Amino acid sequence: MEKFKVFEPIYIIKRGKEIVNFFCSIYGINPNNRFSKFVKEYEKLYQNNDLPFFSSEKHIELLAGFKDFVELEMIYSSGIYKDASMSELKRLFDGNILHFGDANQTPRDLQFQFSIAALLKNNGCTVKMCEPDFIFHYDRIDYPVAAKRLSSQKKIEKRIKEAEKQISKYDNPGIIALSIENLFKQEDQIINNKPFSQSAEELDNRFINYTKQNFNKEYFNDRKYISAFFFYLSLPVCFKNSFYFGYVNRLIIVPIAPEGSCEFLKFKILGECL
């Protein structure tokens with residue numbers, strides 16, 4: 001699955017305020033959170049027509065905040081936050097706008113966990129937020145899902161084993177969802193200076209090239225508790241001298257079952273339908 005969307009400045013400001021105000025008023029979230037800071041800064045820059053210098057640190061921070069806004073909107077529109085505990089929601093809103101080097105990565109871990117679940121639910125799937133990270137109902141089976149953000153090539157196997165251990169406690173085999181964007185260089189975590197129409201193709205090229213080079217077959221062997229891997233990548237998109245930003249994402253499903261088996265075919269079909 002691959003999707004691309006362009007966001008108008010007025011929509012970002014209005015929708016951002018609506019969502020942040022909802023969580024602050026209903027769930028008592030600190031109003032000085034990273035999402036609120038982004039909306040305020042973006043609105044100020046837009047009103048003053050003061051777009052940061054292209055690819056400057058401030059511009060990169062603005063795009064990071066925008067990406068967070070899009071994923072919070074996914075979470076909000078799906079309603080999956082209703083299953084979350086109060087402590088999880090409060091931690092989701094913690095952290096800095098610019099996640100590079102942020103010592104507290106828990107908010108982004110939760111953001112991925114919630115946003116991948118929201119993505120599935122917004123596409124018509126049945127999802128419930130609970131241990132290990134969420135349950136995905138598909139073809140009359142409840143699949144436990146463990147979601148992990150990868151940040152080091154050397155620790156991929158370790159993170160997969162952590163997820164597999166979580167899933168091994170359940171009766172049904174499960175799914176490991178992996179976010180790979182933090183394995184990219186910082187400059188490759190943004191798509192810039194390309195026509196918006198080419199952004200999905202650019203993300204697809206980066207995704208395919210990276211996974212081919214860095215995910216060998218050993219990662220998928222002897223995973224008796226796993227039915228499939230979900231590989232996910234999402235990036236913000238920008239263009240020079242424009243407050244219009246884009247967001248593009250891609251989900252690739254890799255079944256672990258033997259090729260041609262019923263389990264393999266049903267996850268292959270799922271990947272084509274999403």
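Student: Which residues is R206 in contact with, leaving aside its neighbours within four places in sequence?

Tutor: They are F184, D188, Q189, I190, I191 and L235. Contact here means heavy atoms within 4.5 Å. Keep in mind that this is a predicted model: local features need pLDDT of at least 70, side-chain atom pairs count only at pLDDT 80 or more, and totals for chains, interfaces and linings use all residues. Residues are numbered from 1 along each chain as its sequence is written, and side-chain values use heavy atoms, with hydrogens and water left out.

Student: Why is R206 called buried?

Tutor: Buried means under 20% relative accessible area, exposed means over 50%, and partly exposed is in between (1.4 Å probe, protein chains only). R206 has 18%, so it counts as buried.

Student: And where does R206 lie?

Tutor: In helix α7, which covers residues 199–214. Helices (H or I, at least four residues) and strands (E, at least two) are DSSP runs, numbered from the N terminus. The protein chain comes to 8 helices and 8 strands.

Student: What makes the chain as compact as a globular protein of that length?

Tutor: Its radius of gyration, taken over C-alpha atoms, is set against the globule rule: 2.2 Å times the number of residues to the power 0.38. The chain's value is 19 Å, close to the 19 Å the rule gives for 274 residues, so it is as compact as a globular protein of that length.

Student: How much of the chain counts as buried?

Tutor: That's 54% of the 274 residues.
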